[in-house]
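Let's take a walk through this structure together. Have a look at the chain first, and then we'll go through it piece by piece.

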Amino acid sequence: MAGEGSPTQLPPAKRRNKSSSAATATTTIHSLTDDLLLQIFLRLPSLATLVRAALTCRRYRRAVASSRDFRRRFRELHPAPFLGFFFGPPTTVQDHMLPAFPSFFPARRHDRDLAAAVRGGDFFLTSIQEHPDKAHSWEIYDCRGGYVLLCNGDPSSEEPLAVVNPLARRSQRFFDDGPKDTFEDCRGTPVLRSERLLCSDEDPTSFRVVALTHDESRVRASVFSSHTGEWKIHPWFDVPGRPRRSKGWLMNNNMQSNGFLYWLYTNHKYMVTLNTVTMGFSVEELPQFLKNQRCSFDVGETSSGARCIVYTVDFTVGVMLRRTDSEGVEKWMLDRATPLDTQLDGVLRKLKGNYDELLVVAVRDGFAYLASSKKVYDPLNPSWFLSLCLETMKLENLFQKAYNGCGHPYIMAWPPCLVGNHGKFALEGST
């Protein structure tokens, strides 16, 4: 029949296919609501993958950057990625006053996006090395929030401090090392300790730098703000228990945890704490077993953000948390101590036969970074660096390298382009 072949009337089966195709066209990713899109993004494997996906188009970036709740949930599900270690220049190079820069050892990662982030970054600090009048030796002071704090080895430099974001190429900020007024009214000879970095997850474009000065019996803090470009000096604070006949009675350690900075007395009996919200100091006697010179420890935070101390004695690792005792006094209390002998045999075969102890290098975001050590330096047995998950107490082997006592883990921070108003991606507002 002629009607059967008419092109104006499709067979029933074809009409169903056309209808099905139309339905499929309405369920593409571009038609998803922001809430559904963010639910998909929560299932991405790492922050590096999220950055790559979110920057695909303006709408994706806007959905991520405008939701503080999403950023909180993503951090809870995905630990901040560890990208590698910065190490200070070799001591022999510094002694000869030759140009020297911190070195970077990347972590071995199977995640292609994390590897691409390192390859695309400036982890050789070329933005500093190639900067006019800045090609001097640089020492690394701190590494937080995706930033690296460096100090120029040239004593005549008017801007001896620099803050660099290695993941944002050609991103650096140079500034002076504090007002001279910080030494006013000091008792005896003042001592300036290495500066520290303070960063914020919700304001990643800004940072603060804290400098601690102490005299014979007091401490005071000076704070540099990247917003104002100026230093602010805070009052002197009298401290108890200072070692007698010692001008340098505070150690130049680098301990920080969830808004608190810590400095250890050289006699290992007390610790000075600075609350960076109130800028108030306090002094606390250390628990007895932390006073042991054989004990290596650092202050950091658990994966939930709780302040903690991780310590090692030989090959045993302990974790202490801030808790309130029966008398209502908040103090450091032992949570657990775990011998790592069995794991060390599995992770690093015969490690205990070649090394005497483990040292705590740093504690960040629920992980402790450890280094094997011999009490007598042996160039034939450089240190093994390991990461320890504080939640599972499982070890992971990172790499082997000579350890000079200066090691800073670099943790990938949330990028500024994925938080609220920033640059060409600026939003009307954020939630």
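Helices (H or I, at least four residues) and strands (E, at least two) are DSSP runs, numbered from the N terminus. On that count, the chain has 10 helices and 25 strands. Keep in mind that this is a predicted model: local features need pLDDT of at least 70 and side-chain atom pairs count only at pLDDT 80 or more, while totals for chains, interfaces and linings use all residues. Residues are numbered from 1 along each chain as its sequence is written, and side-chain values use heavy atoms, with hydrogens and water left out.

How much of the chain is buried? Of its 431 residues, 47% count as buried, where buried means under 20% relative accessible area, exposed means over 50%, and partly exposed is in between (1.4 Å probe, protein chains only). Contacts give another view of the whole chain, a contact being heavy atoms within 4.5 Å. Among contacts between residues at least 6 apart in sequence, 52% join residues at least 24 apart.

Now for the helices. Two packed helices are described by the angle between their axes and the distance between the axes. The axes here are lines fitted to C-alpha atoms, for helices over the stretch in contact, and angles run from 0 to 180 degrees between N-to-C directions. Start with helix H3 (residues 47–54) and helix H4 (residues 58–65), which pack at an angle of about 130° with their axes 8 Å apart. That makes H3 oblique to H4, since angles under 35 degrees count as roughly parallel, over 145 as roughly antiparallel, 65 to 115 as roughly perpendicular and the rest as oblique. Where they meet, H3 brings Leu50, Ala53 and Ala54, and H4 brings Tyr60, Arg61 and Val64. By class, this contact of H3 with H4 has five nonpolar, no polar and one charged residues. (Ala, Val, Leu, Ile, Met, Phe, Trp, Tyr, Cys and Pro count as nonpolar, Asp, Glu, Lys and Arg as charged, and the others, Gly among them, as polar.)

H4 also packs with H2, at an angle of about 80° and with the axes 10 Å apart. H2 and H4 are therefore roughly perpendicular to each other. In this contact, Asp34, Leu37, Leu38 and Phe41 of H2 meet Arg59, Tyr60, Ala63 and Val64 of H4. The residues there divide into six nonpolar, no polar and two charged. Within H4, the residues Tyr60, Arg61, Ala63, Val64 and Ala65 are buried. Their cover includes helix H2 (34–41), H3 and helix H5 (68–77).

A nonpolar core is a set of buried Ala, Val, Leu, Ile, Met, Phe, Trp, Tyr and Cys residues joined through side-chain atoms within 4.5 Å. The largest one in this model has 39 residues, and those with the most contacts inside it are Phe41, Leu50, Val64, Phe70, Phe86 and Trp414. H3 gives the most to this core, with five residues. Leu50 touches Phe41, Leu44, Val64, Phe70, Phe74 and Trp414, not counting residues up to four places away in sequence. A second, separate core of 18 residues includes Val310, Val319, Val360 and Val363.

Stay with H3 for a moment, and find Val51 in that helix. At 14% relative accessibility, Val51 counts as buried. Leaving aside neighbours within four places in sequence, Val51 is in contact with Met412, Pro415 and Leu418.

On to the strands, which pair in a sheet through backbone hydrogen bonds, either parallel or antiparallel. Two strands count as paired if DSSP finds at least two bridges between them. Strand E18 (residues 307–313) and strand E19 (residues 316–324) pair in the antiparallel sense over six bridges, and Val310 has Val319 in E19 as its bridge partner. E18 and E19 form a hairpin with two residues between them, and Asp314 in the turn has a positive phi of about 60°. E19 also pairs with strand E20 (residues 330–339), again antiparallel, over nine bridges. Their hairpin has five residues between the strands, with Gly328 at a positive phi near 80°.

Finally, four strands form an open antiparallel sheet in the order E21-E22-E23-E24. Its edge strands, E21 (357–364) and E24 (395–401), each pair on one side only. The twist averages 25° from one strand to the next. Inside the sheet, five bridges join E22 (residues 367–373) to E23 (residues 383–389), and Ala368 is partnered by Leu388 in E23.
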